[in-house]
Amino acid sequence: MNERLLKTIDDRRDDVAALTADLIRFPTINPPGEAYRPCAEYLGARLKKRGFEIEFIRAEGTPGDTDRYPRINVVARFDGRSSGACVHFNSHIDVVEPGDGWTVDPFAGVVRDGRVYGRGACDMKGGLAASIIAAEAFMDVFPDFPGAIEISGTVDEESGGFGGVAHLAGLGYFSRPRVDHVIIPEPLNKDRICLGHRGVWWAEIETKGEIAHGSMPFLGDNAVRHMGAVLRAFEEELFPALDRKMTRMPVVPQGARRSTMNINSIHGGQTEDFRPGLPSPNVPDSCRLTIDRRFLLEEDLATVKSEVTGILDRLKRERKKFDYEIRDLMEVLPLMTERDAPVVKAVAQGIHAIFDREPDYVISPGTYDQKHIARIGHIYDCIAYGPGILDLAHRPDEWVGISDMVESAKVMAIGLNVLLRGTTG
Ligand SMILES: [Zn+2]
């Protein structure tokens, strides 16, 4: 272990806190995508001062991109004195809306009692700040290092990442030979390595009916009752079957270590905008249900879909007049980086050095930008690792511990040392 590297990071404790607070003061709320440009420019200015080459990439034409809310990403690159691998730290700069229940101003960047408070403190401006401190300290201690370091601040992760990492990956920013290893400092706790995530399938199911006067429902065909039959079949067959499917993926929390499905919404019949007043009495001819199915490495997407369509097709045979349509809304395959991948081993060495223990290896129940890096960029040497407690994300009084940021910056710096210089010393 290089004591000078660790001491350099210890000496920058105030810097990491101040940087996090500064980043929180940009209210980068998504949607709609507020303050992306000034936040990206702040990052660009900071890293430019340290000798990074800076690029701002606007994701024109992606969802939500307008002149009022431009999707501005920043990518910074520092090439070492000789050729070698490139380690990329990717953080999203967008945050979700603050919501109610705060006891501090969510965008003031309050530093108090060893913590930085604010929306995005843990998810994930604290992780972004820690990765910058780690990179800067590494560059100061080993000015002759081989290879390259990249740091990006990307937008729209909270809404799917299409104007952020997906867009950049489409342009080649997350592919070889430009990049070899990617660390995403999402708040997974300072001693855990997140290897990937479960898969996602969102779909909309619509049952069809026939409109008629509500006083004579026998003249029509009620789409909501058909959907009732769908829900009953889901309750009796699908949910219990999903609950029995366990995975070898180390998903946290434990409850997500199996297949799950959420029903996101249901809409049937007349819209609710008759208020004030009374609804007109109609037999609904359409009912729509959106499902959010999360699946496992052991399952394939075709089977996942056929479990649902199998029930719908059977109802079509069994129920008079039953008809349906199903539309895919989103598909993401499950991902799990192997434990012997270089970036996993390098960060594990860092965790071992700082905490004197083996890391916990975890899988996220939901997806994050790693999906685009794998699917579009074809980089599989990718993990999420960063400070902050995942349970605090998206909640009131979100905070990140300053000591946690310092310690995880040390882990990241050791990871850099292993990946670029081939040593922890
Ligand atoms: Zn996040």
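Predicted model: local features only at pLDDT ≥ 70, side-chain atom pairs only at ≥ 80, totals over all residues.
Figure 1. His-92 belongs to strand β3 (residues 82-92), while Glu-186 sits in the loop between β7 (181-184) and β8 (192-197). The pair is 94 residues apart and links distant parts of the chain. Ideal angles for four tetrahedral donors are 109.5 degrees.

**Figure 2. Packing of helix α4 on helix α10.** Two packed helices are described by the angle between their axes and the distance between the axes. Helix α4 covers residues 121-141 and helix α10 covers residues 402-421. Their axes are 8 Å apart, at an angle of about 50°, and α4 and α10 are therefore oblique to each other. The crossing of this pair is right-handed. On the α4 side the contact is formed by Gly-126, Gly-127, Ala-130, Ser-131, Ala-134, Ala-135 and Phe-138. These meet residues of α10, including Met-405, Ala-409, Met-412, Leu-416 and Arg-421. By class, the contact of α4 with α10 holds 10 nonpolar residues, five polar ones and one charged.

**Figure 3. Packing of helix α8 on helix α10.** Helix α10 also packs with helix α8 (residues 342-355), at an angle of about 130° and with the axes 8 Å apart. The helices α8 and α10 are therefore oblique to each other, and their crossing is right-handed. From α8 the contact takes in Pro-342, Val-343, Ala-346, Val-347, Gln-349, Gly-350, Ile-351, Ala-353, Ile-354 and Phe-355. From α10 it takes in Glu-407, Lys-410, Val-411, Ile-414, Gly-415, Val-418 and Leu-419. The residues of the contact of α8 with α10 comprise 12 nonpolar, three polar and two charged.

**Figure 4. Crossing of helices α6 and α7.** The axis of helix α6 (residues 223-243) comes within 11 Å of the axis of α7, and the two cross at roughly 145°. This crossing is right-handed. Residues of α6 in the contact are Ala-229, Val-230, Ala-233, Phe-234, Glu-237, Leu-238 and Leu-242. Those of α7 are Glu-307, Val-308, Ile-311, Leu-312, Arg-314 and Leu-315. The contact of α6 with α7 has 10 nonpolar residues, three charged ones and no polar ones.

**Figure 5. Cis peptide bonds at Pro-31 and Pro-32.** Most residues other than glycine have a negative phi, and most peptide bonds are trans. The bond joining Asn-30 and Pro-31 is cis, with omega about -10°. The peptide bond from Pro-31 to Pro-32 is also cis, and its omega is near 10°. Pro-31 is located in the loop between α2 (13-24) and α3 (36-49). Pro-32 lies in the loop between α2 and α3 as well.

**Figure 6. Backbone at Lys-321.** Lys-321 is not a glycine, yet has a positive phi of about 65°. This residue is placed in the loop between α7 (301-318) and β12 (324-332).

How values were computed:
Residues numbered from 1 in each chain as written. Heavy atoms only, no water. Axes fitted to C-alpha atoms, helices over the stretch in contact; angles between N-to-C directions. Helix = DSSP H or I, 4+ residues; strand = E, 2+ residues; numbered from the N terminus. Parallel < 35°, antiparallel > 145°, perpendicular 65-115°, else oblique. Left-handed = near helix turned anticlockwise from the far one by under 90°. Contact = heavy atoms within 4.5 Å. Nonpolar A, V, L, I, M, F, W, Y, C, P; charged D, E, K, R; others polar.
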